[in-house]
Amino acid sequence: MSPHPNMWAQRFEALLQREALKQAAEYYPEPLYELGRHPITLATKMLKKSLASIFYPSEQCLEILEVWVGEAYAHASLIYTDPLEFCAAIQSEFEMLPLPEWHSPGILTGLPGLGKTALSEAYQRAVARNVSITTPDGTVWPLRSSWYVKFRDIKTENGFWQRLGSAYTATHDNVSYCRRMAYRSGICYLGLDELQFYTLSKEANTNIARLMMVAGNLGLPITAVGNYSLVRRLMKRPSPERQRLLSNVKVMMPDDPEGPDWEAFLVHQKNALPEIL
């Protein structure tokens, strides 16, 4: 064990406390006043944008966020054990990274419109840190906490790799490049959002499963977020793939319309539009 503090893991330590995580994830827009002064089309769009931007983390959301933060913290704690080892791995001409060869992805699914994407974005907001570390050789390394890829506009595997910063065409080269970039940048989590939109072709089941398999080869904690159609497609794959890709599925449920979380959410909606609601 290194005598130095783990600078990579320290980015997530505060978020291990639920209240700190809640404050980092939540978002409430400034109240809108005098919407009647604006043309009706503009006022309507302003109203919709304001309401859509509200993120109140319910107990269910906080439980999911705690799992994601915990996975990132564990990854940073176990992978980045010593600054000297980090320098040696980065400067090596060979693939000597301490990343695992495979990490099983988790899946978050549920009905459309529940706020799965809003939750994914809230996680990115919570873990965002503009920090850098200085290793014993004097090199300054800017750090990123996670990668986040939305698939609504991505239809090819190379499109996915390009979002991560790789321009190779061969899968092996893309995996190798992104593993090195992830390790060097301190990436501790990969979010794949709206994955059901990745492909709508007849080969959708095959393509989605293949993408998740190669993403698992990055060796990062991964969560794929999508509607039930994503899980149904993966359930049609051969048994070995199902065992690898469907071992950790979390179903997001609607909030109880009579529960305290729903009431609190309505309060924040009223705060955003105090002259209307």
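Begin at the second largest pocket, whose lining residues divide into 7 nonpolar, 5 polar and 3 charged. In this division Ala, Val, Leu, Ile, Met, Phe, Trp, Tyr, Cys and Pro count as nonpolar, Asp, Glu, Lys and Arg as charged, and the others, Gly among them, as polar. The model is a predicted one, in which local features need pLDDT of at least 70 and side-chain atom pairs count only at pLDDT 80 or more, while totals for chains, interfaces and linings use all residues. Residues are numbered from 1 along each chain as its sequence is written, and side-chain values use heavy atoms, with hydrogens and water left out.

**The second largest pocket**

Select Val67, Trp68, Thr223, Asn248 and Lys250, which are the closest to the centre of this pocket among its 15 lining residues. The space here amounts to about 220 Å³. A pocket is an open set of points on a 1 Å grid over the protein atoms alone, with protein on both sides within 12 Å along at least five of seven lines; a 1.4 Å probe is used, and lining residues have an atom within 4 Å of a point. Grid points are joined across faces, edges and corners, and the volume is the space filled by probe spheres set on the points.

Next, colour helix 4, strand 1 (106-110) and strand 6 (222-227), each of which supplies at least two residues of this lining. Helix 4 gives the most, with 5 residues. Helices (H or I, at least four residues) and strands (E, at least two) are DSSP runs, numbered from the N terminus.

Keep strand 6 selected: 6 of its 6 residues are buried, where buried means under 20% relative accessible area, exposed over 50%, and partly exposed in between (1.4 Å probe, protein chains only).

**The largest pocket**

Move to the largest pocket, with a volume of about 400 Å³. Of its 18 lining residues, Tyr56, Leu114, Gly115, Asp255 and Phe265 lie nearest the centre. Helix 3 (40-53), helix 4 (59-79) and helix 12 (260-272) each contribute at least two residues to the lining. By class, this lining holds 13 nonpolar, 4 polar and 1 charged residues.

**Histidine 75**

Follow helix 4 to histidine 75. This residue is buried, at 6% relative accessible area. Display its surroundings: leaving aside residues up to four places away in sequence, histidine 75 touches Tyr80, Leu99, Ile187, Cys188, Gly219, Leu220 and Pro221. Contact here means heavy atoms within 4.5 Å.

**Salt bridges**

The whole structure contains 8 salt bridges, each defined as a side-chain nitrogen of Lys or Arg within 4 Å of a carboxyl oxygen of Asp or Glu. Select arginine 18 and glutamate 66, whose side chains meet at 2.9 Å, N to O. Arginine 18 lies in helix 2 (residues 18-25) and glutamate 66 in helix 4, so this pair ties together parts that are 48 residues apart in sequence. Arginine 18 is partly exposed at 28% relative accessible area, and glutamate 66 is partly exposed at 29%.

Then select glutamate 26 and lysine 22, a salt bridge of 3.1 Å, N to O. Glutamate 26 is partly exposed at 21% relative accessibility, whereas lysine 22 is buried at 18%.

Continue to glutamate 157 and arginine 210, whose closest N and O atoms are 2.8 Å apart in a salt bridge. This pair links helix 7 (residues 157-163), which holds glutamate 157, to helix 9 (residues 204-216), which holds arginine 210, 53 residues away. Finally, show Arg18, Glu59 and Glu66 together, which salt bridges with shared partners join into one network.

**Two loop residues with positive phi**

Most residues other than glycine have a negative phi. Select glutamate 34, where phi is positive, at about 55 degrees. Glutamate 34 sits in the loop between helix 2 and helix 3 and is partly exposed, at 46% relative accessible area. The last stop is glutamate 194, with a positive phi near 55 degrees. Glutamate 194 belongs to the loop between strand 5 and helix 9 and is buried, at 12% relative accessibility.
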